[in-house]
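Here are my notes for you on this structure, as numbered points. Keep the 3D view open and find each piece as we get to it.

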Amino acid sequence: MKKTDLKEGISIYTEETDKFDIETFCILLRLPLTRETATSNALVSKILLKGCNKYITEREIAVRLEEIHTVMDCSIMKKGEEQIIQLYFRTEKEFSEEAFELAGNILFEPIFNNIEEAKRDLLSDIEGLVNNKRRYAVERCIENMCSNEDFGVSGDGYAEDIDSVDIKEAYEYVMDNSNVAVMSVGSTKSHDLEEYVRRYLPFAERDNRPADNSYLSSPVKVKEIEEKMDVSQGKLAMGLRLNIDPKSSEWYRAMVANELFGGSANSELFMEAREKESLCYYISSKLLRFKSIMIIEAGIEGKNKEKVEEIVENAFDNISDEDIETAKTSIVNSFNAAGDKAERIMDYNLGQIILDIPYDMAEGAEEIKKVRSIEGVFNSCVLDTVYMLRS
Amino acid sequence: MINIISKKLENGVTCYVLPKKGYNEKLAMLAFNYGSRDVSFSKDGRDITQPWGIAHFLEHKMFEDEKINFFDSFTKLGIDSNAYTNFTTTAYYFRGCENFDRGLSLLFKMVGSLYLTDENIKKEKGIIEQEIKMYEDDPYWEIYFNTLKGLYRNNPCRESVAGSVESVEEITKDMLEESYKSFYTGENCTLIVAGDVESKAVFEKTEKELKLNSGGAKKVFYEDEEGTPENITAEKSVDKPIYNIGFRQNTDRSVAERICAGNVIMNILTAKSSRLREELVKKQLADTTFGFENVIGNDFGASVIKGEGKDYMKIADSITDQAENYMTYGVSSEYVRRLADMEKTKMIFDAQDIYSFASTVADCFCKNTEILDIYNYYDKIDVDTILRHMAELVKDNMTISVVCGKGA
């Protein structure tokens with residue numbers, strides 16, 4: 001993506017391409033993730049689409065969106081130790097300007113007429129997490145693992161904090177303190193986007209580069225957590241500290257190693273736990289780059305927990321350079337494929353912005369190709385937390 | 001805006017190419033008009049009934065061969081592969097940026113033969129049992145099937161796609177071979193390729209290399225059902241009740257019409273631009289979870305309004321009242337047009353993603369329709385069409401399915 005700095009703290013990013021028949025945009029308001037502000041920031045994401053000066057209700061905004069063939073969504077993302085409010089919209093080419101005009105109304109002229117409704121929406125999100133047991137288990141694992149770090153804070157906020165939020169203060173805090181990135185993928189030219197932003201998104205200058213993530217840690221004792229709930233199948237989530245600098249080239253070795261370890265359908269974990277032992281339908285590992293963490297998740301019978309833990313332990317010894325080329329191809333492939341999806345182009349670039357490293361996707365793919373061996377890459381990896389949800 | 005090239009090949013296969021100029025990745029999906037609903041069929045004069053979940057079981061076993069695991073072979077080519085089964089479709093697909101041609105040959109080889117042993121069947125039962133248990137912990141999955149169970153007494157759409165632990169246990173090698181021979185035929189198959197490819201080359205290769213069974217089986221189709229649907233309540237660990245309010249659709253109209261009209265009507269009642277939704281939210285009866293889903297097959301159909309909260313009875317009343325209002329006072333043609341146009345826009349949005357584009361085309365094939373029939377039907381849709389469908393939203397055609405917390 002091509003970057004242009006408009007003002008201090010406000011940048012625009014464009015990916016000009018004629019691949020797509022539509023235009024995709026997002027406005028990102030980046031904030032530090034903290035226990036004190038998580039709930040109020042999340043609430044701001046809920047109030048924005050409830051009404052603005054020109055379209056005073058959620059329904060009127062929705063009608064306007066239909067008129068201009070646009071889909072718009074406002075959500076909260078947690079990326080490492082940042083909490084990001086994202087206003088995301090897709091539209092047909094001829095409506096780009098109208099869509100930006102509406103986004104400007106929504107962001108800069110909210111009328112806060114439905115505060116109770118926004119609060120209920122947020123509460124419903126927070127409480128609804130338990131309905132997805134798989135995600136719930138992973139979230140609970142991270143929460144316990146990182147209880148002394150900002151990363152342990154929930155991106156959706158906390159039920160008990162909702163009532164006391166002053167929405168206007170919260171809104172002003174977000175608008176004044178966030179680092180702003182506006183992105184477009186499609187036929188929109190950089191100078192067009194610049195013009196839209198100048199015209200409809202009058203952000204003031206700000207000096208607020210978010211802080212770097214912390215990622216080094218050596219737990220002395222593994223945290224074992226078990227939670228009881230009425231489930232047919234137990235959900236296991238394991239959190240490990242990689243202790244690898246996410247900005248270093250070592251990280252690309254870790255990506256390749258993870259692919260072999262539990263990142264694909266012919267990885268060590270999948271082959272052993274599912275294909276050989278029939279212990280589960282799903283088992284996988286993924287890397288959380290900003291925090292240099294690995295999460296392993298599996299749906300298993302409670303009685304098989306030790307067996308699966310043993311498979312995990314052995315898997316570290318069983319991955320080798322033998323299948324390294326396949327793993328590399330697969331990752332390079334996913335870099336290339338990401339270029340076919342506007343959301344993934346945006347997400348990748350946001351990741352690079354957060355890490356403050358300049359690689360575009362092609363350069364990322366090149367780094368993967370350079371990997372020659374995975375030997376020893378997980379040597380400093382330590383198990384931190386084992387979480388099990390069972391009946 | 002929806003660009004698609006199709007050809008019916010000599011081997012019976014219907015082939016679609018979705019050209020995506022400039023895309024790095026290519027995707028091929030090979031789908032059979034065979035899904036979880038097809039447990040009963042007749043073949044060579046015999047009536048056969050198989051256990052629930054057999055189509056899905058067969059899907060799992062296709063990835064294995066005497067010597068190779070196809071997942072592995074695809075991965076070695078730098079290609080991701082996967083498969084899915086639903087009521088009407090079994091689809092195998094792969095996607096990758098390189099080795100597309102070799103991938104396609106591998107896909108053809110994979111579906112061209114079946115390798116079963118007692119041992120590999122036994123192993124698969126263990127895996128599928130865990131898959132079923134995973135679904136059992138998903139309240140949305142449970143409620144989805146309970147809604148169809150409530151609406152239909154005979155139609156096989158009431159059974160879960162994966163079957164039950166017990167039905168899967170009954171599946172044998174002979175049964176799997178029978179279903180493979182009966183349904184993995186050329187006429188029953190579509191190949192969909194999306195990406196920056198040359199359609200002519202795809203057609204030629206498929207004609208030459210894809211070898212499938214001939215003959216096949218006759219499917220059983222079910223009559224529309226009468227009689228009042230029943231309400232089903234289940235218990236799970238959920239934070240608050242989850243509800244589905246489902247209405248049975250008559251199948252005497254084209255699938256394209258049922259899809260388009262169903263989407264427009266459900267938007268009128270549940271979208272953020274809907275007055276009814278606004279009112280329900282204001283009264284604190286509905287929240288952000290309020291939405292809809294249309295489930296449509298050749299011989300079944302359900303318009304489902306869904307959400308979370310305890311007030312589903314009041315919501316059901318409001319919906320049927322509102323439908324009656326529209327029946328009495330009509331609905332403006334501008335409103336219908338705006339929603340129909342928005343649905344077309346959403347189809348274009350979805351078509352940017354090669355997987356969702358291809359799976360929609362596969363889905364259409366198994367419902368004897370075409371994606372362009374649906375896209376173009378939105379231009380034809382008018383107030384009369386809408387009201388004709390709205391007439392189905394009455395209480396004696398309705399089920400309320402609920403999953404609530406234990407002891408609630």
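1. A crossing of two helices is called left-handed if the near helix is turned anticlockwise from the far one by less than a right angle, and right-handed if clockwise. Helices (H or I, at least four residues) and strands (E, at least two) are DSSP runs, numbered from the N terminus. With that in hand, the crossing of H9(B) and H14(B) is right-handed.

2. Before going further, know what you are looking at. This is a predicted model, where local features need pLDDT of at least 70, side-chain atom pairs count only at pLDDT 80 or more, and totals for chains, interfaces and linings use all residues. Residues are numbered from 1 along each chain as its sequence is written, while chains are lettered from A and ligands numbered from 1 in the order in which they are written. The pLDDT is the predictor's confidence in each residue, from 0 to 100. For chain B the mean pLDDT is 95, and 100% of its residues reach 70 or more. The complex as a whole gets an ipTM of 0.92 and a pTM of 0.92 from the predictor.

3. Back to that helix pair. Two packed helices are described by the angle between their axes and the distance between the axes. Axes here are lines fitted to C-alpha atoms, for helices over the stretch in contact, and angles run from 0 to 180 degrees between N-to-C directions. Helix H9 (residues 255-270) of chain B packs against helix H14 (residues 371-380) of chain B at about 55°, and their axes are 9 Å apart. H9(B) and H14(B) are therefore oblique to each other; angles under 35 degrees count as roughly parallel, over 145 as roughly antiparallel, 65 to 115 as roughly perpendicular and the rest as oblique.

4. Which residues of H9(B) and H14(B) meet? From H9(B) come Ala256(B), Glu257(B), Ile259(B) and Cys260(B), and from H14(B) come Asp373(B), Ile374(B), Tyr377(B) and Tyr378(B). Two residues are in contact if their C-beta atoms, placed from the backbone, lie within 7 Å. The contact of H9(B) with H14(B) has 6 nonpolar, no polar and 2 charged residues. For these classes, Ala, Val, Leu, Ile, Met, Phe, Trp, Tyr, Cys and Pro count as nonpolar, Asp, Glu, Lys and Arg as charged, and the others, Gly among them, as polar.

5. H9(B) has another partner to look at. With helix H12 (residues 333-350) of chain B, H9(B) packs at an angle of about 115°, the axes being 10 Å apart. The crossing of H9(B) and H12(B) is right-handed. Here Asn263(B), Val264(B), Asn267(B) and Ile268(B) of H9(B) touch Val336(B), Leu339(B), Ala340(B) and Glu343(B) of H12(B). Sorted by class, the contact of H9(B) with H12(B) comes out as 5 nonpolar, 2 polar and 1 charged residues.

6. Now zoom out to where the chains touch. Chain B puts 45 residues into the contact and chain A puts in 48. On the chain B side, the elements giving two or more residues are helix H2 (70-76), strand E7 (90-96), helix H4 (118-136), helix H10 (275-282) and H12 of chain B. H4(B) supplies the largest share of that side, 8 residues. The side of chain B that touches chain A divides into 15 nonpolar, 13 polar and 17 charged residues.

7. In the contact, 34 residues of domain 1 of chain B meet 28 residues of domain 2 of chain B. Which element gives the largest share of the domain 1 side in chain B? That is H5(B), with 10 residues. The domain 1 side in chain B has 18 nonpolar, 10 polar and 6 charged residues.

8. Finish with chain A. Chain A is divided into domain 1 (2-200) and domain 2 (223-390), and their C-alpha centres lie 28 Å apart. Domain 1 of chain A brings 22 residues to the contact and domain 2 of chain A brings 23.

Terms used: Domain bounds come from an automatic or database domain assignment.
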